[in-house]
Amino acid sequence: MTEQGVGRVLVIGAGLGGLTLAHALVRAGLDVHVYEADDGSGERFQGHRIGLAEPGLAALRASLPQRLHELVEATSGGLTGPGLLFDEQLTELSRDLDGPQEGSRAVDRQVLRRILRGGLGDRVTHGKRLRGFAEGADGTVTARFADGTEATGAVLVGADGGNSVVRRHLVPEVGLVDSDLCGVMGRTTITDRFLRLVPGRGTMVKGPGITLMLGRMQFDREPSAAAAELVPGLDMPYRDSYVRWVLLVPPEHPAATDPGSAREDARELVLELIEGWHPDLRDLVRSADMSGVGRSKIYDRPMPPWPVGRVTLLGDAAHLTLASGGNGANTAMQDAVRLSARLAEAHRGERDLLSALGAYQGDMLERGNAAVRFGKEALKRFVPPRPQETR
Ligand SMILES: Cc1cc2nc3c(=O)[nH]c(=O)nc-3n(C[C@H](O)[C@H](O)[C@H](O)COP(=O)(O)OP(=O)(O)OC[C@H]3O[C@@H](n4cnc5c(N)ncnc54)[C@H](O)[C@@H]3O)c2cc1C
């Protein structure tokens, strides 16, 4: 820590966590730059809709400029009403299914990412894939990118997701392994017919040995119209409200053991797996914008502490949660505001920089590892235990 404050914070990854951190740091008066591997021209497929509960919503309130926050609120959707359980012929079995916490909101991932990108201007550089980093004896850390360039700052934050390069350098003993969570996902534009399938906070359809999850992304306001009014100039394409569905493919299914199928192949696979199901469900799939078959990965152990230095981790890079927990983005955003608060304390001279990073690490690992355990437990609701686990 110097009289000039902490110095520049280098954030690796412009995902939900990294961008939230950048906003929080700007608001706290710190110098930050975000380096993102994507070239920024397209939209990566990483799921459609996410549910934000209080930790995530509070983090956005605490970090975003007012107009951007208003835009998040305007483009989110309600997650209230009954949680329905149907059989494959749409016979209602329960209206009491567990759902998101009271007050949670649905947000479209791409819409949220565009909002989070707003207001950061040239503080974000695309096309910068981190390869490695080095801590200097002079209290600096230097990031090295695949294009041969470098950037130097006072702190480096690995917000580079589940396949994190920063995590591999910092905590090499932690590895990625397959989980039993395999699925095909689709997004189908909302019509009255499809809306009846998800009138509330979520719907689960349990067929013989297979589960289909449905969620609603019904924008309070169409995103491009809301953006044009609230944040003119923010790039936001037109989007229809939709039903997001996920078919959990049994982990032993050949398509799940060799994922990466093309989207149309995945549609055929889903239609095959739901042969004989209610026509509304089959038509939902026929009309969908599809993903291929995906198999989620997870870390092979809880994230251990590492020697505190000027490099730290945030979000999935530190605690790769399964989608079944619905808490990965929430936890990443909470990391962002907590890390920003600790760095701001150091910036104001209230504590030493390494003690700030140590305090953050302890808090983040406790919350993050708990979030991972929660996601694994939640998975059991959807995927029956494998034979060896029942013995
Ligand atoms: C299907 C699905 C549904 C989900 N639903 C929910 C939900 O309902 N609620 C919830 O809270 N969470 C949910 N999650 C989890 C949530 O999406 C993640 O936890 C969250 O995106 C993590 O944010 P992050 O910033 O840590 O990582 P990411 O959002 O993955 O961002 C990482 C960024 O780093 C960049 N990057 C990677 N490597 C490098 C590199 N070497 N150099 C530079 N940049 C790099 C990537 O391009 C990316 O932009 C879901 C996940 C999935 C897959």
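Modeller: Two residues are in contact if their C-beta atoms, placed from the backbone, lie within 7 Å. This is a predicted model, in which local features need pLDDT of at least 70 and side-chain atom pairs count only at pLDDT 80 or more, while totals for chains, interfaces and linings use all residues. Residues are numbered from 1 along each chain as its sequence is written.

Along α12, the buried residues are L353, A356, L357, Y360, Q361, M364, G368, A371, V372, G375 and L379 (buried means 20 or more other C-beta atoms within 10 Å of a residue's own). An α-helix has 3.6 residues a turn, so residues three or four places apart point the same way. The cover over these buried residues of α12 includes strand β13 (176-189), strand β18 (311-313) and helix α11.

Helix α11, spanning 328-347, leads on to the ligand, for α11 is one of the elements that each supply at least two residues of the shell around it, together with α1 (16-27), β2 (32-36) and β3 (49-52). The largest share of that shell, 4 residues, comes from α11. Of the 34 residues around the ligand, those that come nearest are G13, G15, G17, G315 and G328 (near means a C-beta atom within 6 Å).

Strand β3, another contributor to the shell, also belongs to an open sheet of 3 strands with the order β3-β7-β4 and antiparallel pairing (strands pair if DSSP finds at least two bridges between them). The edge strands of this sheet, each pairing on one side only, are β3 and β4 (77-78). Between β3 and β7 (residues 105-108) the antiparallel pairing extends over 4 bridges, and in β7 the bridge partner of I50 is V107, whereas that of G51 is A106. Both faces of β3 are covered, with R49 and G51 buried on one side and I50 and L52 buried on the other.

Definitions and conventions
Buried ≥ 20, exposed ≤ 12 C-beta atoms within 10 Å, placed from the backbone.
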